[in-house]
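Me: I have a model open and would like to know what stands behind the words used to describe it. I will ask about one label at a time.

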Amino acid sequence: MDKLTTDIAVIGGGVIGVATALRLRADGRDVVVIEPNKPGSGASYGNAGTIADYAIIPVGTPAVLKNLASLLLNSDSPLSIRKTALPTLFPWLIRFAYESLPHRYRDNTSRIADLLSDASSEWLELAAEIGASDLLSAKGCLYLYQTPEAFKAAASDVELRRTYGIAQQLLTPDQVQSLEPRLPQVHGGGLFFPKAINFTDPGQVMSVMEAAAKRAGVEFVRDSVTTISRERSGVRMMASAHSIHARAAVIAAGAHSRGLALQLGERVPLDTERGYHLEFDMETLPVERPVCPTHHGFYFCPMRGRLRVAGTVELGGITAPSNPRRLEVLLANARRIFPTLGEPSRSWMGFRPSMPDSVPVIRPSRGGRDVVFAFGHGHIGLTLAPRTARMVSSILAA
């Protein structure tokens, strides 16, 4: 077994872990990233590519709570559960229901809004530093509402975002058509976020970020941490083929972080959303910016040489196989918007680390600042990577 000693060990090589490693290396720290797979090959690759600084509303809301049972038990809904996972997920669902109550929803929205307040500017800065600015697009993001009733029902969310200073524009059906002429006519209207930015290839962004980290002197170890414990002189991590000793550790292992936190005596209510996407290779894309048909709960994501259809939430843990029904529903709903879509070129399923309140865990462990938690980002992990890295850096510098 190889023995490694370092200043800071970052457990997890997704966008949170690699961004954190870059930041700590810029602080002058020796950093090792421990990741069993290719860095950024999980949810950091398979997401919608949006820097969603407008996404201040948590998954759990009073409206979702009102319809929770029907949503979860309908396998075709944007929010569903694998029935076999229900016994394991029951404690998480109870907490999720509580966090969806009006007073908790308002508090969670405020906390998320605070985290997202400078997300776009931080990404613009990081992208320039690592040489990924050419992978950014700044054409905004568009929500679609099929009916006037759905458009009217969104008014409370629009007003809530307005109170937090989110730039947004209400569009008539004709204005939607002018903005995205290849879309079929919608009868409700649209909501446009003009300052939103997105990546044209999240996987390529991760490759550029990994290369920048390596150039900066970050060491990557291809292994999986199985145990973590405190010692008088620091933190000990055991992996399949390595024993790593560090002065401090950052747990940024996404959906796999809960077990490591538990070894340190902390029960964090983290569970897993299973995200899916389909991709269609094409030269001419049907949309120019991320477009979300809100009634279906997914995004059309324009990427280099392909259209990605990404989204929906399936609660089902990290051990069950991919659910073909979720991909079928995604394809069927995508074809409701663009009937001429052919067969998908590829599909993907990955794991989002999800907290019941949709607020990521970014803090020192209760046992001390020698272990920092940076996980549970749900749908805003890509968005919050630079901000999370800065927060972790501040915690370790204190």
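Me: What is Val-15 in contact with, leaving aside its neighbours within four places in sequence?
Reply: In this predicted model, the contacts of Val-15 are Ser-44, Trp-123, Met-206, Met-209, Gly-381, Leu-382 and Ala-385. Each has heavy atoms within 4.5 Å of Val-15.

Me: Why is Val-15 called buried?
Reply: The relative accessible area of Val-15 is 3%. Buried means under 20%, so Val-15 with its 3% is buried. Val-15 is found in helix H1. Its C-alpha atom is separated by 9.2 Å from that of Ala-252, 237 residues apart along the chain.

Me: What makes H1 largely enclosed by the rest of the structure?
Reply: 9 of the 12 residues of H1 are buried, so the helix is described that way. The buried ones are Val-15, Ile-16, Gly-17, Val-18, Ala-19, Thr-20, Ala-21, Leu-22 and Leu-24. From first C-alpha to last, H1 reaches 16 Å, close to the 16 Å expected at 1.5 Å a residue. Just after H1, Gly-28 takes a positive phi of about 90 degrees.

Me: How do you know that Asp-7 and Arg-29 form a salt bridge?
Reply: The closest N and O atoms of Asp-7 and Arg-29 are 2.9 Å apart. The cut-off is 4 Å between a side-chain nitrogen of Lys or Arg and a carboxyl oxygen of Asp or Glu, and this pair meets it. Asp-7 lies in strand E1 (residues 2-11) and Arg-29 in the loop between helix H1 and E2, so the pair ties together parts that are 22 residues apart in sequence. Both Asp-7 and Arg-29 are buried. The structure holds 30 salt bridges.

Me: What makes Arg-289 and Glu-180 a salt bridge, and which parts of the chain does the pair link?
Reply: The closest N and O atoms of Arg-289 and Glu-180 are 2.8 Å apart, and the limit is 4 Å. The pair links distant parts of the chain, 109 residues apart: Arg-289 is in the loop between strand E14 (271-281) and strand E15 (291-293), and Glu-180 is in the loop between helix H10 (173-179) and strand E8 (189-193). Arg-289 is buried, and so is Glu-180.

Me: What about Glu-279 and Arg-308: what makes them a salt bridge?
Reply: Their side chains meet at 2.7 Å, N to O, and the definition asks for a distance within 4 Å. Glu-279 lies in strand E14 and Arg-308 in strand E17 (residues 306-315), so the pair ties together parts that are 29 residues apart in sequence. Glu-279 has a relative accessible area of 1% and Arg-308 one of 0%, so each is buried by the cut-off of under 20%. Salt bridges that share partners join Asp-201, Glu-279, Asp-281, Arg-306, Arg-308 and Arg-346 into one network.

Me: Why does Glu-35 have no salt bridge?
Reply: The nearest side chain of opposite charge, Arg-222, is 6.6 Å away. A polar atom of the Glu-35 side chain lies 3.0 Å from the backbone nitrogen of Asn-37. Leaving aside neighbours within four places in sequence, the contacts of Glu-35 include Gly-12, Val-221 and Arg-222.

Me: Is Glu-99 buried or exposed, and how do you know?
Reply: Glu-99 is at 2% relative accessibility and counts as buried, because the cut-off for buried is under 20%. Glu-99 is in helix H5 (residues 86-99). Among its contacts beyond four places in sequence are Arg-104, Tyr-105 and Asp-357.

Me: Why is Gly-368 called partly exposed?
Reply: Its relative accessibility is 22%. Buried means under 20% and exposed over 50%, with partly exposed in between, so 22% makes Gly-368 partly exposed. Gly-368 is in strand E20 (residues 368-375).

Me: What describes the course of H14?
Reply: H14 has a kink of about 35 degrees, centred on Arg-387. Helix H14 (residues 381-397) reaches 23 Å from first C-alpha to last, close to the 24 Å expected at 1.5 Å a residue. H14 is mostly covered, with 13 of its 17 residues buried.

Key:
Residues are numbered from 1 along each chain as its sequence is written. This is a predicted model: local features need pLDDT of at least 70, side-chain atom pairs count only at pLDDT 80 or more; totals for chains, interfaces and linings use all residues. Side-chain values use heavy atoms; hydrogens and water are left out. Buried means under 20% relative accessible area, exposed over 50%, partly exposed in between (1.4 Å probe, protein chains only). Lys and Arg count as positive and Asp and Glu as negative; His and the chain ends are not counted. A polar contact is a pair of N or O atoms within 3.5 Å; within protein, one must be able to donate a hydrogen and the other to accept it, and residues adjacent in sequence count only if both atoms are side-chain atoms. Helices (H or I, at least four residues) and strands (E, at least two) are DSSP runs, numbered from the N terminus. The expected span of a helix is 1.5 Å times one less than its number of residues. The bend at a residue is the angle between axes fitted to the seven residues ending there and the seven starting there.
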